[in-house]
Amino acid sequence: MLNTRLSALALLLVVGVVAAQTPARHEALFAAATAAKPQTIETLKNLVNIETGSANAEGMAAMTNYLEGELKSLGASVTRSKAAFSTENPAVGENIYGTIKGTGSKKILMIAHMDTVHVKGTLAKQPWRIATGVEKVKTPAGEVERAFERAYGPGVADAKSGVATILNTVRLLQKQGFKDFAQITMMFNTDEEIGSDGSKALIQQLASQHDVTLSYEPTSSVPVEAMILAASGSVSVTVKIKGKSAHAGAEPEKGVNALVEMSDFVLSTMGLDNKDKALRFNWTIAQSGAVFNIIPDEATITATLRYLSPVDRDEALAKLKERVTNKKLAGSEITLIVPPFRPSFIADAAGKALVTKAVEIYKEVGGSIYVVPVTGAGTDAAFAALSGKPVLEALGLPGFGYHSNVEEYADIGAIPRRLYLSSRLIMEIAQGK
Ligand SMILES: [Zn+2]
């Protein structure tokens, strides 16, 4: 009995120490964020159950209608605008944003994309489902056992979890009676997964009209949640080669072998990849030849180029252009196609301060955020950052297996702490803290 009392006292002391180290939590907000979990899961389910592959016009229209209803239920004034036309990456449908007004002075933009990489019909094969259990996870602090609660379905994390977090953050702030902002705008675009050509101008314009942009791509779930200080810019370049066909056995010398020119092009440029400079250059698609005894007269190759520095990018592109003129086969014709590129994102001082603030806020609810110096994945945050205003990424739910039909999930167990993080950040930003 005494032993037990002593243990209880020791435990109290330990808890006391821990509590002293944990920053003050906004208890009412956390309680409300916890209570908002079922509704957030419901929103997420509704979003997943409307298929929105980037090319799915019908699904995108249904999604825009759904979001218009959600935005109006929050009292927002809604603007829909047809995605801008692009030959390279044609977007379908309309971008949509809703604005609510408050009584304060700061303007905050929240963005997430409604499109997914999943083609129409994926949902029927991988319908919405929830899985719970316990698993062992290797973290920087060692292996830990933890419970999980996950939602599966196409695009559930990337970025439907972000859309659901945005809508329910604003709902939560409204339930708290928080109005100490001048304006909050919630913006959803249709074409992030195909390069955002149809929405990038709108994102940059809206970002320039707000003080801060918060971007809601999903964050990693296993082993740790993260925020990024920089994200690569990207462009996929294509090279088309024209040769001349000939009988491959009887008179091959009369032909110009496009496959040979293509192979030499690949080998002579693969060295552009430079991990130290965060410049990644890799050939990923190749097509040539159709008949075994004909010298192929056509070849097409595509590479993905990721970069942090625009100077490095332009140097790499210059070397590709140089290779175009230095042909292996005199008779071949080579064309290099460089579509519009996604800029890189590098957080400025104000953006870095936002990351620090988010890390501190997350500690209030026992969360921890690992700060990633740079990621190779592209983000619309880069277009927002062109405004010169601070941008924070990533505020969606933790998730896993993005772009995988089977593996993608969102960590719905994290909803209370992520809603807390998102809404408390907005409160702090709005109050100029
Ligand atoms: Zn995404």
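Helices are DSSP runs of H or I, at least four residues in length, numbered from the N terminus. Helix α12 is one such run, and Arg424 and Glu428 both lie in it, four residues apart, about one turn of the helix. The model discussed here is predicted.

**Salt bridges**

A search of the whole structure finds 24 salt bridges.

| Pair | N to O distance | Location |
|---|---|---|
| Arg80 and Glu68 | 2.6 Å | strand β1 (residues 77-82) and helix α4 (residues 57-73) |
| Glu225 and Arg418 | 2.9 Å | strand β9 (residues 225-228) and helix α12 (residues 415-430) |
| Arg424 and Glu428 | 3.7 Å | both in helix α12 |

Take the pair of Arg80 and Glu68, whose side chains meet in a salt bridge. Arg80 sits in strand β1 and Glu68 in helix α4, so the bridge ties together parts that are twelve residues apart in sequence. Glu68 has 17%, so Glu68 counts as buried. The cut-off for buried is under 20%. This pair also belongs to a network: Glu68, Lys72, Arg80 and Glu94 are linked by salt bridges.

Next comes the bridge between Glu225 and Arg418. Glu225 is in strand β9 and Arg418 in helix α12, so this pair ties together parts 193 residues apart in sequence. Both Glu225 and Arg418 are buried.

Helix α12 also holds the pair of Arg424 and Glu428. Their side chains meet at 3.7 Å, N to O. Arg424 is buried, and Glu428 is buried too.

Ideal angles for four tetrahedral donors are 109.5 degrees.

Asp158 and Glu217 link distant parts of the chain, 59 residues apart. Asp158 is in the loop between β5 (142-152) and α6 (160-175). Glu217 is in the loop between β7 (212-215) and β8 (219-220). Both of these residues, Asp158 and Glu217, are buried.

**Cavities**

How many cavities of 30 Å³ or more does a search of the whole structure find? It finds three. The largest cavity holds about 40 Å³ of space. Its lining consists of Ile111, Ala112, His113, Asn189, Ser215, Tyr216, Glu217 and Asp380.

By class, the lining has three nonpolar, three polar and two charged residues.

**A buried threonine**

Thr64 is placed in helix α4. Its relative accessibility is 0%, so Thr64 counts as buried. The C-alpha atoms of Thr64 and Thr190 are separated by 9.0 Å. Along the chain, Thr64 and Thr190 are 126 residues apart.

Conventions: Residues are numbered from 1 along each chain as its sequence is written. This is a predicted model: local features need pLDDT of at least 70, side-chain atom pairs count only at pLDDT 80 or more; totals for chains, interfaces and linings use all residues. Side-chain values use heavy atoms; hydrogens and water are left out. Helices (H or I, at least four residues) and strands (E, at least two) are DSSP runs, numbered from the N terminus. Buried means under 20% relative accessible area, exposed over 50%, partly exposed in between (1.4 Å probe, protein chains only). On a 1 Å grid over the protein atoms alone, a cavity is a set of points where a 1.4 Å probe fits but cannot get out, and a pocket is an open set with protein on both sides within 12 Å along at least five of seven lines; lining residues have an atom within 4 Å of a point. Grid points are joined across faces, edges and corners, and a volume is the space filled by probe spheres set on the points. Ala, Val, Leu, Ile, Met, Phe, Trp, Tyr, Cys and Pro count as nonpolar, Asp, Glu, Lys and Arg as charged, and the others, Gly among them, as polar. A salt bridge is a side-chain nitrogen of Lys or Arg within 4 Å of a carboxyl oxygen of Asp or Glu.
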